[in-house]
Every structure is written in C-alpha cells, then in structure tokens.
Amino acid sequence: MIEDKYLTDAITSLRVNWQDPGVGIVAAVLVGPHGQTVSSLSTYEGEGRFSHAEANALKLHFQWLGKVAPGTKAVVTLSPCIQLNPETRVGKSCTEMLLENGISQVHVGHLDTFQLPSIAAYQELGLQVTVTEDPQLGSICRALANLFGQYVDRRQPGENPWPEIKKEVGFPPFGK
Ligand SMILES: [Zn+2]
C-alpha cells in the first residue's frame with residue numbers, strides 16, 4: 001500500500017537524523033491529494049518540551065504549500081497524541097491540530113495505547129486511523145515507541161534525555 005511507502009520514507013528520515021540532539025523519536029509525512037508530501041520529525045524545543053512531528057510537518061506545510069488541501073492524509077510512525085503530558089509538548093495535541101486542519105485520515109506504524117486504547121477510540125474523536133500491516137515496518141515503529149519507557153524512567157524536569165538514550169541503544173531494533 002502506498003501509505004507504507006511514505007511510512008518507510010518517514011522511518012528513513014528519522015534514522016538518518018537519529019543522533020541529532022535536537023531530534024526526537026517520531027516522524028510524520030503529510031500527503032496531499034495529488035501526492036505532494038511534507039515531512040518532519042519531532043524536535044526538542046528546550047525546557048523539557050518537544051514539538052511533535054505532526055505539528056512540525058503542519059508548520060512546514062503552511063510555509064511551503066499554504067493551507068492543507070481537503071483529502072490530505074498524515075502518515076506517522078506513532079499514532080497521534082491526545083491530551084496526555086501537555087507539560088512535555090509545545091502547543092496543542094496532534095489529534096486536535098490534525099482535525100483543525102481537516103486531516104482525518106492517519107496511517108501509523110504503531111498504535112500508541114498510552115494515548116488511546118484502540119482505533120475505535122480515535123474514531124470517536126474523528127480520526128480514521130489505519131495501522132501498517134507490514135510486519136517489518138510495524139516492528140520498527142513498535143521498537144521506537146517502546147523507547148518511551150526509558151524516556152519516562154530518565155526524564156528530569158526541564159531536560160531532554162533522548163540524546164543519551166539514543167547513544168546507548170542506537171536505532172531500534174537495529175542498534176548502532
Ligand atoms: Zn503529538
């Protein structure tokens with residue numbers, strides 16, 4: 001499926017930029033109705049806060065292509081956040097931002113059950129979420145999501161633990 005091609009591109013971009021201390025662990029691609037794409041990664045913004053990949057991709061989209069056209073889809077390594085942990089995020093939740101910009105279809109590499117328990121729960125909020133059926137893409141995105149366990153264990157208020165974690169584990173599940 002074409003969405004998995006974009007998911008592969010997102011993972012590649014994350015892998016290439018993995019050791020950049022300003023980069024987080026999530027990648028997103030916005031795919032317009034004519035196949036035009038804008039992609040971005042989550043970034044560290046200081047004081048323990050991150051700008052999420054979806055928010056960064058939307059920001060770039062506004063700069064380059066203007067308003068989001070109807071039919072635009074989002075492809076993300078991890079399903080969008082809702083309202084949890086706003087103290088570690090810059091701005092609104094990605095679910096809110098996507099819906100506000102008319103994006104209701106999201107293809108993900110892994111369903112983040114810390115955010116919402118199921119596809120049906122996203123659907124209740126207005127997002128149609130599909131999860132990759134490609135086992136390799138799924139396992140990479142699951143391994144990435146599992147790193148949040150280490151993040152939660154090590155996080156100190158106002159700090160960014162990712163550079164240290166990434167140095168230790170490399171790019172999961174491949175390592176260094
Ligand atoms: Zn988010």
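This is a predicted model: local features need pLDDT of at least 70, side-chain atom pairs count only at pLDDT 80 or more; totals for chains, interfaces and linings use all residues.
Two conventions apply. Residues are numbered from 1 along each chain as its sequence is written. Local features need pLDDT of at least 70, side-chain atom pairs count only at pLDDT 80 or more, and totals for chains, interfaces and linings use all residues.

**Exercise 1.** Find how many helices and strands the chain has, and their order.

Solution. Start with the terms: helices (H or I, at least four residues) and strands (E, at least two) are DSSP runs, numbered from the N terminus. The chain has seven helices and six strands. Now read along the sequence: α-β-β-β-α-β-α-β-α-β-α-α-α.

**Exercise 2.** Work out how the strands are arranged.

Solution. Two strands pair if DSSP finds at least two bridges between them. Six strands form an open, mixed sheet in the order β3-β2-β1-β4-β5-β6. Next, take β2 (residues 37-44): its pairing with β3 is antiparallel, over two bridges. Thr43 has Ser51 of β3 as its bridge partner.

**Exercise 3.** Compare the radius of gyration of the chain with that of a compact globule.

Solution. The radius is taken over C-alpha atoms, and the globule rule is 2.2 Å times the number of residues to the power 0.38. For 176 residues the rule gives a value near 16 Å; the chain has 15 Å, which agrees. The C-alpha trace spans about 40 × 35 × 35 Å along its principal axes.
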